[in-house]
Amino acid sequence: MTVAGIETVELILTGWCVGVGETALCQRCKTTLGEGSAITVYAYRRAGEQLVSVPRLYCRDCDRRSIEHPTCGCSEWLAEARLALTADVAQQSHNLTLCNVEILVEHGPEAGVSR
Ligand SMILES: [Zn+2]
């Protein structure tokens, strides 16, 4: 079951700000990730809400190819992405953002049900 449409989620995640300044950390091995790093991101959204959260990033070595514990009541996604450095002119700083987002896995809000 597709909740929002994978293309929609890819669009939401593209340009998503991650990390602090010019670096982000792998959730698992704490490797520093920077511009150009290929990563896997975990994103979710609670049923009935519009807001997507991106709580976790993984480096390629810790690549996750499945959602281990699907959460009841949430839509969840795993996506491949690359990190890009985007200038924030107003803040005179740089932020890491997601680009080339490609959804790998999607789980609907019914626990344990995969597409
Ligand atoms: Zn890692």
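The model is a predicted one, in which local features need pLDDT of at least 70 and side-chain atom pairs count only at pLDDT 80 or more, while totals for chains, interfaces and linings use all residues. Residues are numbered from 1 along each chain as its sequence is written, and side-chain values use heavy atoms, with hydrogens and water left out.

**The zinc site**

Select the zinc ion. Its donors (N, O and S atoms within 2.8 Å of the metal, or 3.2 Å for Na, K and Ca; water is not among the atoms, so sites may look incomplete) are the SG atoms of C26, C29, C59 and C62, at 2.3 Å. The angles among the four donor atoms run from 105 to 116°, and the site is tetrahedral, a term that requires all angles of four donors to lie between 85 and 135 degrees. Along the chain, the donors show the spacing C-x2-C-x29-C-x2-C. C29 lies in the loop between strand 2 (24-25) and strand 3 (32-33) and C59 in strand 5, so this pair ties together parts that are 30 residues apart in sequence. Strands (E, at least two residues) and helices (H or I, at least four) are DSSP runs, numbered from the N terminus. C29 is partly exposed, at a relative accessible area of 36%, whereas C59 is buried, at 4%.

**Helix 1**

Next, select residues 6-13, which form helix 1; I6, V9, E10 and L13 are buried there. These four cover an arc of only 105° around the axis, which puts them on the same side of helix 1; the arc is that of the directions from the helix axis to the C-beta atoms. On the face turned away from the buried side are the exposed residues E7 and L11. The buried residues pack against strand 4 (38-46), strand 5 (53-59), strand 6 (74-88) and strand 7 (93-107).

**The nonpolar cores**

Now select L13, I39, V41 and L98, the residues with the most contacts inside the largest nonpolar core, which has 24 residues. Such a core is a set of buried Ala, Val, Leu, Ile, Met, Phe, Trp, Tyr and Cys residues joined through side-chain atoms within 4.5 Å. Helix 1 and strands 4, 5, 6 and 7 each supply at least two residues of this core. A second, separate core of six residues includes Y42, Y44, I67 and C74.

**Strands 4 and 5**

Strand 4 and strand 5 pair in the antiparallel sense over five bridges; pairing requires at least two bridges found by DSSP. Select T40 to find its bridge partner in strand 5, Y58. Six residues lie between the strands of this hairpin, in which G48 takes a positive phi near 85°.

Move to R65, in the loop between strand 5 and strand 6. Its contacts (heavy atoms within 4.5 Å) include L78, E80, L104 and V105, not counting residues up to four places away in sequence. R65 and L104 are 39 residues apart in sequence and 7.5 Å apart in space, C-alpha to C-alpha.

Finally, select Q92, in the loop between strand 6 and strand 7, and N100, in strand 7. Q92 has a positive phi near 50°, and N100 has a positive phi of about 50° although it is not a glycine. Q92 is exposed, at 73% relative accessibility, and N100 is exposed at 56%.

Methods
Buried < 20%, exposed > 50% of the residue type's maximum accessible area, 1.4 Å probe, protein only. Tetrahedral: all angles 85-135°; square planar, octahedral: opposite > 155°, others 65-115°.
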